[in-house]
Amino acid sequence: MSFPHCSSRHLLTLAALLLTACAETRQIAVDGPAMTAQPLEPLAGFQAIDGDDYYVRLVSEFSGQGDNFLKGGCSDLAPYQKGDLSAALVYRVRNDTIRFQGEASGFLYQATTGKCNFRFDAKKLYLTPWLRLDTGRQTQMDYDFYTNANSDLDVSSLVGDVNAASGILALTGAGLGVAIMGQMAGQWVQNNQQAVPAQTQSSAKQSSESHSLPALTAYAGKTGKLNQAVFDVFEIDEGGLNPFKLETRTLGKLKVYPEIAPTLLLRTGSDGVPDARDMSFEELNRSTIKSASGDISLAQLLDQSQPLDKPNLKPDWKNYAEVENNCRKLKLTMKALGFNKFDRNALLYYFLANSGDWKNYNTDRRRATDSGLRPRAIAEYRAKNFDACLAEDDYTVMKTMGLAVNTRADWDQLGATSLQQEQLFSPLQSIERQLLAVLRNTSAAEMERQLYPLLMTGDKVNGKVLLQNHLGDFGLEKLLNPPAAAVPAAPALIDTALPPAPPAPQTVPSVPPVSPIPGEGTQVSAAQLTQVFQGLKIGELSCARPAPGLQGKGVGILLFTTREGSPRAKGGALEFEFADGKISRIAFQLPTFRDFEQDIADRPEVGGCRIDPAWLTKLH
């Protein structure tokens with residue numbers, strides 16, 4: 001059957017009108033947010049959650065139901081749709097503490113004539129910069145949901161302006177970077193914010209809702225939680241050939257949640273605690289910070305900041321008061337910029353690393369023990385504790401990050417160790433004073449009198465000592481041989497009737513020569529030892545210090561030089577073993593014995609005795 005041309009044109013027009021009248025419409029709807037929580041726990045090694053532990057930022061992210069979740073039912077056979085439709089969810093974020101405010105869109109939906117002509121824009125957004133937890137939890141968040149059909153409200157333009165104004169919030173990064181720090185965040189947003197256009201609400205087809213979200217972070221003591229708001233986003237189709245048709249499909253979920261990080265400048269260990277080891281002040285200063293005008297180094301950020309008093313990062317490192325004062329200025333600047341305790345204290349540690357007073361204050365226990373630091377030195381080191389800049393908690397944080405520092409408990413242990421060492425060194429120093437007095441005496445008779453009460457063998461024989469020689473063959477046996485001496489004969493019986501006859505002189509045979517001294521040594525008397533010391537012609541003497549490897553064992557060692565005419569050229573080392581104020585063994589040693597030379601090079605001062613390594617050149 002055929003129709004005239006005119007009739008077919010009328011039929012097509014009628015069909016178009018019918019399709020338009022029965023056109024299908026799509027709207028976007030959002031359910032109220034469902035709140036879920038995740039636990040926020042203290043970092044390893046800490047007993048409670050501190051607002052200075054973490055940074056927090058708020059994130060918006062949309063997850064759709066598949067890649068083509070809005071294309072279902074889209075075909076060229078349904079080209080007609082009523083007017084323009086649009087919907088948007090807009091966040092309004094505010095933090096009065098840092099005078100920060102901003103807006104951003106969670107999503108934008110826009111459709112024009114034709115079901116396939118639509119736009120759905122829902123990007124991952126960072127709604128706030130990184131803020132310390134104590135500041136970030138003050139952030140308040142509202143949201144507005146706009147929908148319109150054929151209204152004068154241009155939702156698309158509104159969202160475009162909002163996104164342009166809030167583009168600063170979308171900065172991302174990783175590693176040493178991403179920090180938009182506290183007090184600067186509000187300033188950056190203000191500098192980049194554009195006016196949101198006035199919204200005309202003349203159409204009954206337009207609607208908007210405004211709601212507030214509960215706080216997304218909360219903590220107290222050991223417990224805390226991170227709240228996540230989840231919006232279910234729906235597509236509602238209605239109309240078409242069936243005017244009673246109403247279909248609802250889930251498009252996806254829009255989530256708003258907090259992200260946390262313990263550091264922005266450092267790496268983190270496996271337990272999540274920042275690790276500040278093996279870094280430097282220069283390396284930290286080169287750390288990249290992202291700003292509205294592009295990347296900026298931490299050094300530039302510090303230089304451009306406007307604290308009450310800007311720190312001098314290159315003070316006179318030998319001036320304790322100046323270093324301490326600038327340490328405090330740097331700490332206050334870092335805190336004003338929004339850095340947390342880990343990043344602050346890492347920078348402060350490496351800033352102070354150039355100070356000798358800082359190194360002394362953080363003397364480790366082994367160094368103090370090996371160097372034999374006296375209680376007076378311990379007290380002097382501890383007095384310069386930088387307490388105008390650092391609190392006890394700061395030292396704890398540094399130690400938690402793997403940095404070598406002394407806490408108050410460490411200093412208490414160092415003090416106790418020093419007193420114990422003092423108890424060990426005091427007997428050595430007492431023996432040292434007496435022995436040096438003996439060796440410096442030029443009178444043989446006085447030397448012998450001083451030596452006798454100082455000597456006692458291991459089997460409690462007074463006035464004698466075990467003598468050993470590991471210095472080489474320098475004629476020690478000859479020094480021990482006393483010369484022959486004339487002595488009077490035994491007196492005869494006295495006859496009172498006759499005058500006594502003068503006694504005839506008698507010569508006592510000389511003592512047999514001393515045989516070579518074996519490796520274990522031989523016992524000698526105070527008189528024989530006096531002959532040895534006098535015959536050696538001892539010149540300079542060093543102080544005495546514990547023999548290497550035998551600290552606390554009652555063994556001391558000192559160095560001596562010899563004068564011209566001595567059987568031992570240059571000199572050597574004198575090792576002595578003592579107990580209960582008596583010397584039981586004396587041994588002549590090479591300076592290299594027990595690696596003594598290396599010990600002096602490594603530790604010039606031990607137990608209050610300092611021997612300059614240059615002293616050893618006199619013995620070679």
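## A helix pair and a set of cavities

Helix α7 (residues 320–336) and helix α8 (residues 341–352) have axes that come within 10 Å and cross at roughly 155°. Angles over 145 degrees count as roughly antiparallel, so α7 is roughly antiparallel to α8. The crossing of α7 past α8 is right-handed. This is a predicted model.

Which residues of α7 and α8 meet? From α7 come Val323, Asn326, Cys327, Leu330, Lys331, Met334 and Lys335. From α8 come Asp343, Arg344, Leu347, Leu348, Phe351 and Leu352. The residues of this contact divide into eight nonpolar, one polar and four charged.

Next, the cavities. A probe the size of a water molecule, rolled over the atoms, shows where empty space is left. The model has four cavities of 30 Å³ or more. The largest cavity holds about 80 Å³ of space. Its lining is formed by Val56, Arg57, Leu58, Thr128, Leu131, Gly136, Arg137, Thr139, Ala215, Leu216 and Thr217. Which element gives the largest share of that lining? Strand β3 (residues 55–64) does, with three residues. In the lining of the largest cavity, five residues are nonpolar, four are polar and two are charged.

The table sets out the two groups of residues by class.

Terms used. Residues numbered from 1 in each chain as written. Predicted model: local features only at pLDDT ≥ 70, side-chain atom pairs only at ≥ 80, totals over all residues. Heavy atoms only, no water. 1 Å grid on protein atoms, 1.4 Å probe; cavity = no way out; pocket = protein on both sides within 12 Å on 5 of 7 lines; lining within 4 Å. Points joined across faces, edges and corners; volume = space filled by probe spheres on them. Helix = DSSP H or I, 4+ residues; strand = E, 2+ residues; numbered from the N terminus. Nonpolar A, V, L, I, M, F, W, Y, C, P; charged D, E, K, R; others polar. Axes fitted to C-alpha atoms, helices over the stretch in contact; angles between N-to-C directions. Parallel < 35°, antiparallel > 145°, perpendicular 65-115°, else oblique. Left-handed = near helix turned anticlockwise from the far one by under 90°. Contact = heavy atoms within 4.5 Å.
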